[in-house]
Amino acid sequence: MSSPARFDRGHTDDLMTFLTASPSPYHAVANAAERLEKAGFRQLSETDAWDAGTGGKFVLRGGALIAWFVPEGAAAHTPFRIVGAHTDSPNLRVKPLPDTGSQGWRQIAVEIYGGTLLNTWLDRDLGLAGRLTLRDGTERLVNVDRALLRVPQLAVHLDRSVNSDGLKLDKQRHMQPIWGLGDVQEGDLISFLEEEEGLDQGSVAGWDLMVHSIEPPSYLGRDRELVAGPRMDNLLSVHAGVAALAAVSAADKLDHIPVLAAFDHEENGSQSDTGADGPLLGNVLERSVFARGGSYEDRARAFAGTICLSSDTGHAVHPNYGERHDPTHHPRANGGPILKVNVNQRYATDGSGRAVFAAACERAGIPWQTFVSNNSMPCGTTIGPITAARHGIQTVDIGVAILSMHSARELCGADDPFLLANALVAFLEG
């Protein structure tokens with residue numbers, strides 16, 4: 001008999017809190033780590049020797065987090081059950097020489113990160129967040145969560161064809177936000193942030209900064225059955241993964257090791273030391289095996305029995321563009337998590353993986369759906385195929401169906417986040 005769902009709408013309330021508190025990947029993993037620590041997990045340093053102790057553990061590197069729970073009696077060859085996700089979202093990121101301007105306006109030079117919908121950043125009140133690296137090598141998270149920046153659109157009077165011919169934006173000329181009036185002063189932005197953080201002037205040596213919409217997430221619709229908010233792609237999955245891992249860490253008995261792998265840089269190809277195409281996950285899993293006295297043979301056995309659910313958002317059927325979707329696959333909001341399939345391996349799901357996911361949803365007592373692209377439309381991808389190919393482990397691509405993917409503000413069903421979390425709990429319990 002199917003078990004009842006273990007999360008309710010309170011999970012979605014908490015997701016909105018998590019989204020607001022996580023305007024950058026660095027904030028997202030810091031908030032995830034804080035939640036895991038409250039569940040009894042402890043942080044390990046990659047430069048220290050690891051012991052064979054049981055319990056919850058995690059490592060942080062930049063905007064990535066790998067967390068795992070070693071149950072009592074786990075052997076060196078015990079397989080893993082992994083939930084994969086990513087912490088980054090398409091946005092505007094500050095350039096190395098940020099201070100610029102034109103026509104008496106002071107502006108911030110930004111670079112386009114990932115495949116963002118450019119028009120969604122126009123005429124929004126924007127904050128600034130990210131990571132500052134100080135001259136002594138320490139790091140400081142910064143979040144100016146107020147109306148600091150704005151990318152102003154050209155008035156219709158000066159672009160009479162915009163509504164008939166469509167908006168055309170040049171990434172270099174049209175996307176630089178304003179933040180004041182006056183002459184450009186080199187070093188002005190970083191000096192401002194040092195003052196905001198109470199740092200000595202000249203103490204910041206490096207930065208990784210990005211803009212974000214300061215409008216908070218909110219329920220939407222007549223019956224509040226939808227949620228609108230930023231960075232759902234893919235902090236929705238990160239949040240669900242943290243909740244699921246914390247829940248299963250309290251289980252009486254596990255015959256595998258549950259893992260959460262939250263990577264950075266998925267939106268630009270995952271090729272970094274914190275991305276899914278880097279060595280971070282493999283190193284952590286191998287070190288876990290070896291810390292428990294395992295050999296290369298144990299490592300091979302553990303990986304051969306490992307399964308990964310790669311959780312990322314997918315496309316809900318769009319009411320105004322139904323023809324863009326496959327005619328027989330129409331994922332709907334609040335219809336439950338989606339299984340993502342592409343025979344050309346843009347997603348890693350196969351028939352065996354479908355059975356794993358279906359069994360997890362059945363145990364959780366929740367509905368699920370299938371997504372496949374229209375044959376005439378190119379299919380996106382995610383960390384699933386990368387994880388499968390790099391580590392040789394069975395991987396299944398899943399997620400939540402949303403609208404406005406890669407917008408500054410996305411939309412999903414209000415029930416789907418906790419339905420996903422329940423599916424992940426059932427999967428991690430095995």
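Let's start with a cysteine: the sulfur of C361 lies 15 Å from the closest cysteine sulfur, that of C308, which is too far for a bond. A disulfide here is a pair of cysteine sulfur atoms within 2.5 Å, and a search of the whole structure turns up 0 of them. C379 is likewise in no disulfide, its nearest cysteine sulfur, again in C308, being 17 Å away. C361 is buried, with a relative accessible area of 0%, and C379 also counts as buried, at 15%. Buried stands for under 20% relative accessible area, exposed for over 50% and partly exposed for anything in between, using a 1.4 Å probe and protein chains only.

A word on what you are looking at: this is a predicted model, in which local features need pLDDT of at least 70 and side-chain atom pairs count only at pLDDT 80 or more, while totals for chains, interfaces and linings use all residues. Residues are numbered from 1 along each chain as its sequence is written, and side-chain values use heavy atoms, with hydrogens and water left out.

Now step back to the whole chain. The protein chain holds 10 helices and 20 strands; these are DSSP runs numbered from the N terminus, helices being H or I with at least four residues and strands E with at least two. Its radius of gyration is 22 Å, close to the 22 Å that the globule rule gives for 430 residues, so the chain is as compact as a globular protein of that length. That radius is taken over C-alpha atoms, and the rule is 2.2 Å times the number of residues to the power 0.38. Of the 430 residues, 53% count as buried.

Nine strands form an open sheet with mixed pairing, in the order 1-2-3-13-4-14-18-16-17. Its edges are strand 1 (42-43) and strand 17 (369-371), each of which pairs on one side only. Two strands pair if DSSP finds at least two bridges between them. Strand 3 (residues 64-70) and strand 13 (residues 257-263) run antiparallel and are joined by 4 bridges; L65, for instance, has A262 in strand 13 as its bridge partner.

Finally, look for helix 10 (residues 416-429), which lies across strand 4 (80-86), strand 13, strand 14 (307-311) and strand 18 (394-399). Helix 10 runs at about 150° to strand 4, where axes are lines fitted to C-alpha atoms, for helices over the stretch in contact (heavy atoms within 4.5 Å), and angles run from 0 to 180 degrees between N-to-C directions.
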